[in-house]
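Thanks for coming. I have one structure to go through, and you can follow along on the screen.

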There are 2 protein chains.
Amino acid sequence: MARLVMKFGGTSVANIERIRNVALHVKREVEAGNDVAVVVSAMSGKTNELVAWCREAAPLYDPREYDAVVASGELVTAGLLAITLQGMGQPARSWQGWQIPILTDGAHSSARITGIDGAGLLAGFGRGEVAVIAGFQGLHEESGRVTTLGRGGSDTSAVAVAAAIGADRCDIYTDVDGVYTTDPRIVSRARRLDRVSFEEMLEMASLGAKVLQVRSVEVAMVHGVRTYVRSSFDDPANPGSGTLICDEEEILEQQVVTGIAYSRDEAQITLRRVADKPGVAADIFVPLAEANINVDMIIQVVSGDNAYTDITFTVPGADYERARKILDGRRDSLGLTEIEGATDVVKVSAIGVGMRSHAGVAARAFRALADKGINIRAITTSEIKFSVLIDAAYTELAVRTLHTLYGLDKAEG
Amino acid sequence: MARLVMKFGGTSVANIERIRNVALHVKREVEAGNDVAVVVSAMSGKTNELVAWCREAAPLYDPREYDAVVASGELVTAGLLAITLQGMGQPARSWQGWQIPILTDGAHSSARITGIDGAGLLAGFGRGEVAVIAGFQGLHEESGRVTTLGRGGSDTSAVAVAAAIGADRCDIYTDVDGVYTTDPRIVSRARRLDRVSFEEMLEMASLGAKVLQVRSVEVAMVHGVRTYVRSSFDDPANPGSGTLICDEEEILEQQVVTGIAYSRDEAQITLRRVADKPGVAADIFVPLAEANINVDMIIQVVSGDNAYTDITFTVPGADYERARKILDGRRDSLGLTEIEGATDVVKVSAIGVGMRSHAGVAARAFRALADKGINIRAITTSEIKFSVLIDAAYTELAVRTLHTLYGLDKAEG
C-alpha cells in the first residue's frame with residue numbers, strides 16, 4: 001500500500017473516450033492498494049483557444065484576468081474524470097486549485113507554488129476517494145485571485161502535490177513512454193532511459209527536451225520526489241514502466257553523456273565595434289534583464305585595434321524582436337554602430353553527470369562537429385553539460401553526430 | 001449617479017465581437033455616472049457542450065461534479081469581458097462565484113442563493129472598477145463546493161446581486177427587446193409591454209414565457225428590485241427602453257389580461273377506474289412528489305357507479321417517463337387497471353392582475369376556444385391567471401384566439 005500521484009496531460013484527456021482510458025489507469029492503481037491523487041490538464045487545444053480569446057479581447061491583457069480565464073479548462077477535465085471514475089464504481093471528487101488550496105505567489109501566468117494544504121486530500125483517502133485535482137493553477141492568498149503556473153504547469157502541480165502529501169511516487173503520464181537519449185523523431189536509434197538523475201533531467205528540460213516542465217523537475221529534486229515519465233497510451237491493464245527520475249546514487253551504470261537535447265527557440269544578436277571600456281557589458285545586459293529577457297550564451301571578442309570589442313549573445317526566440325528594439329533605443333548612449341541578428345540558429349547540448357569526472361568530453365564534440373563541416377557560433381559549458389550554437393540547417397546532423405559519438409545509439413533492431 | 005446591475009446572456013457574449021458590444025453598453029452606463037456590476041452567462045453553446053460531456057462520462061453523474069464542470073463557462077466570459085473593458089480604458093475585474101462569495105444551499109444543479117457579501121464589489125466601485133460577475137453559480141459554504149442555480153440561473157444571480165448591493169435597477173439584456181403580450185413568433189401582432197407587474201411576470205415565466213428564469217422574478221419581487229428586460233442587440237449609443245418589471249402600483253393603465261403564455265413541456269397522465277376511497281390521492285401523488293416530480297393540473301371525475309374515479313393530471317414533459325414508471329410499480333397496491341398518457345399536449349395560459357376584479361374572464365375563453373373547435377382537456381385557475389390543456393396541434397390557433405379576445409393585438413402597421 002502506497003500513496004501515489006498520477007498526472008495526465010492534454011492529449012491524454014482530449015475527449016471522454018480518453019478520459020475513460022485515464023480512469024482505467026487510475027483504477028488499476030487503486031485496486032493495487034494505493035491511495036491516489038490525479039492531476040489533470042485541460043483537454044488538448046482548450047488552453048490555446050482560451051489564450052487566443054484573451055489576446056483577441058485585448059492585446060495587452062491583465063494577467064490576473066488571463067489566469068482566471070485559462071485556468072478554467074482544467075476544472076472541466078477534473079470534474080469529468082471524477083464523474084467517469086464514479087461511473088466505474090470508484091469514489092472520487094474533483095478539487096479546484098483554490099479549494100485545496102494550492103497557494104502561490106502573485107506572479108500571474110507564471111506563479112510559483114508556495115504551499116499546499118494536503119489535509120483535505122488525505123481526508124478523502126480516508127473515505128476511499130480518489131482526489132482529482134485541476135492542474136496548472138493555484139490561489140494567491142493575499143488577493144484571493146486565481147493564478148496559473150505557466151505552460152506545462154500541471155507537471156509542477158503534480159510533483160508539488162506529491163511532495164505535500166508525502167507520496168511514494170509521482171507518475172507523469174504523457175504521449176511518449178519515457179525520457180529518451182534524444183528526440184526519437186530525429187534519431188531513430190534513440191534509446192529510452194530506464195533512469196535519469198534529477199540534475200540531468202533538469203538540464204535536459206532546460207535545454208529543450210519538452211517532456212517535463214523545468215520547474216517540476218526542480219521541485220522533484222528539492223523534495224526528492226521519485227518521478228516516473230510513462231505513456232498514457234499503454235494498455236491500462238499492462239502498462240510499461242517508463243523512465244524513473246531519481247537521485248544520482250540510484251543509478252548504477254552511469255554514462256558520461258546521458259542525453260542530447262536541442263532547442264530551436266534561440267536567437268543570436270551580435271554587437272560590432274562596441275567601445276571596450278569598463279561597465280559596457282552592464283550597460284547592455286541590465287536593460288535586457290529589466291525587460292525579463294534571459295540572455296544565455298555570451299561571447300566577447302576583442303577587435304584588432306584593442307579599443308573595440310564584438311559581443312555576441314543569445315536570447316529566447318520569442319524575445320528577439322523586443323531585445324533588438326531595446327538595443328536600438330540605446331544605440332547612441334552605447335556607441336553601437338552595427339547590430340546584427342540571426343534567428344535561424346539552434347542550440348545543441350549534451351548532458352551527463354559523468355562529465356564531472358571525465359575531462360575533454362566537450363572537446364571531442366567540437367572535433368566531431370568540425371569533421372562534419374558544422375560551424376560553431378558559440379559555446380557554453382557547465383559542470384554536467386555543454387551547449388553549442390549552430391546554424392539551424394545542421395540540427396539533425398549535429399544531434400545524430402553527438403548521439404553516436406557518446407555511444408548512445410541503441411543496437412540495430 | 002446610481003448603482004446598476006447589468007446582465008448579459010449567452011447569445012450576447014457568444015464571441016469576442018459581441019463581448020466588445022457588451023462592453024460598449026457597460027461603458028455607456030459608467031460614463032452616465034453609474035457604479036456598474038455586470039453578470040454574464042457562458043458563451044452560447046458552451047454550457048450545452050459541458051452538459052453533454054458530463055452525460056457522456058456517466059449517465060448518472062454526481063451533481064456536485066456536474067456543477068464544477070458546467071460553472072466553468074461563466075468564468076471564461078467574466079474574464080474576457082474584464083479584459084475587454086480594460087482594453088477600452090475602463091478599470092474592471094472579474095469575480096467568480098466563490099470569490100464574492102455568492103452563498104447557496106447545497107441543492108446542486110438547482111441551488112438557491114442564501115446570501116451575497118457585496119462588500120468586495122462595493123470596494124471595487126470605490127476604486128472606479130466595474131465588477132464583472134460569473135453568473136449561474138455560487139458556493140455551498142459547508143462543503144466548499146461550487147453550485148449552480150439551474151438553467152437561466154444568471155438572471156437570478158443578477159437580481160440577487162442587485163438586491164445585495166442595493167442597486168437602483170437591474171437590466172437584463174437579452175436577444176429580445178422586452179416582454180411581449182405573447183410569443184411574437186406565433187402572433188405577429190404581439191405588443192411589447194412597457195411595464196408588467198412582478199406578479200404577472202412571475203406567472204408568465206412559470207407558464208412558459210422564456211424571457212426570465214422564474215426564480216429571478218421571485219427574488220426581484222421579494223426585494224423590490226426594479227428590473228428591465230432590454231435588448232443587447234440595440235445600438236449601445238442609443239438603446240431602447242425595454243420592459244420594466246415593477247410593483248403593480250406603478251402601472252397606470254392595467255388591462256384585464258396582460259399576456260398569453262404557452263408551454264409545450266407538458267405531459268398528461270390519466271388513471272382510469274381508481275378506487276374512490278379516502279387516501280387514494282395521497283397514495284398516488286406522494287410518491288411522485290418524493291421523486292421531485294411536480295404535478296400541475298389535477299382533475300378527478302367520478303365514474304358512473306360511484307365506487308371508482310378517473311384521475312387526470314399533468315407533469316413536466318421531461319418527467320413523464322419517470323412518472324409512468326413510478327405508477328407502474330404501484331399498479332397492484334393502488335389497484336390501477338389502466339394508465340393512459342399523452343405528450344402531444346400544450347398548456348395555454350392567460351395572465352393579468354385585472355382578473356382579480358373582473359368576473360367571467362376565463363369563461364369567455366372557454367367559449368372562444370370551443371367556437372374554434374378546440375377541445376379543453378383540463379383547466380386550472382388562480383387569482384391572476386387561468387390555464388387550459390389542449391392538443392398541441394391547436395397551440396398557435398388557441399394563443400392567437402385568446403390574444404385577440406382580450407384586446408392585446410397591436411394596431412395594424
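This is a predicted model: local features need pLDDT of at least 70, side-chain atom pairs count only at pLDDT 80 or more; totals for chains, interfaces and linings use all residues.

Chain B puts in 37 residues, and chain A puts in 37 residues. Between them the two chains bury about 3,000 Å², and 63% of that is on carbon and sulfur atoms.

Now the polar side of that contact. Eight residue pairs are in polar contact between chain B and chain A, counting pairs with both residues at pLDDT 80 or more. The elements of chain B that give two or more residues to the side touching chain A are α1 (16-31), α2 (46-57), α3 (63-70), α4 (72-87), β3 (92-95) and β8 (145-148). Of these, α4(B) has the largest share, with ten residues. Sorted by class, that side of chain B has 20 nonpolar residues, nine polar and eight charged.

How many salt bridges cross the interface of chain B and chain A? The rule finds two. One that I can name is between Glu49(A) and Lys46(B), where the closest N and O atoms are 3.8 Å apart. The cut-off for a salt bridge is 4 Å, so the pair at 3.8 Å counts.

Next, a helix from that list, α3(B). Six of its eight residues are buried, which leaves the helix mostly covered. The buried ones are Glu65(B), Tyr66(B), Asp67(B), Ala68(B), Val69(B) and Val70(B). What do they pack against? From chain A, the partners are α4 (72-87) and β3 (92-95). From chain B, they are α2, α4 and β8. The N-terminal end of α3(B) is capped by Asp62(B), with a side-chain oxygen 2.9 Å from the backbone nitrogen of Arg64(B).

On to the cysteines. Is Cys170(B) buried or exposed? Cys170(B) is buried, because its relative accessible area is 0%. In chain A, Cys54(A) also counts as buried, at 0% relative accessibility.

Last, the backbone. There is a cis peptide bond between Ile100(A) and Pro101(A), with omega about -15°. Pro101(A) sits in the loop between β3 and β4 (102-104) of chain A. In chain B, the bond from Ile100(B) to Pro101(B) is cis, with omega near -15°. Pro101(B) is in the loop between β3 and β4 (102-104) of chain B.

Then there are positive phi values. Asn292(A) is not a glycine, yet its phi is positive, at about 65°. You will find Asn292(A) in the loop between α9 (280-290) and β14 (298-302) of chain A. Asn292(A) is exposed, because its relative accessible area is 66%.

Arg273(B) also has a positive phi, near 55°, and is a residue other than glycine. Where is Arg273(B)? It is in strand β13 of chain B, residues 259-275. With a relative accessible area of 38%, Arg273(B) is partly exposed.

That is what I have; questions are welcome.

Definitions and conventions: Residues are numbered from 1 along each chain as its sequence is written. Chains are lettered from A and ligands numbered from 1 in the order in which they are written. Side-chain values use heavy atoms; hydrogens and water are left out. Buried means under 20% relative accessible area, exposed over 50%, partly exposed in between (1.4 Å probe, protein chains only). Contact means heavy atoms within 4.5 Å. Buried area is the accessible area (1.4 Å probe) that two parts lose on being put together, summed over both. A salt bridge is a side-chain nitrogen of Lys or Arg within 4 Å of a carboxyl oxygen of Asp or Glu. A polar contact is a pair of N or O atoms within 3.5 Å; within protein, one must be able to donate a hydrogen and the other to accept it, and residues adjacent in sequence count only if both atoms are side-chain atoms. Helices (H or I, at least four residues) and strands (E, at least two) are DSSP runs, numbered from the N terminus. Ala, Val, Leu, Ile, Met, Phe, Trp, Tyr, Cys and Pro count as nonpolar, Asp, Glu, Lys and Arg as charged, and the others, Gly among them, as polar.
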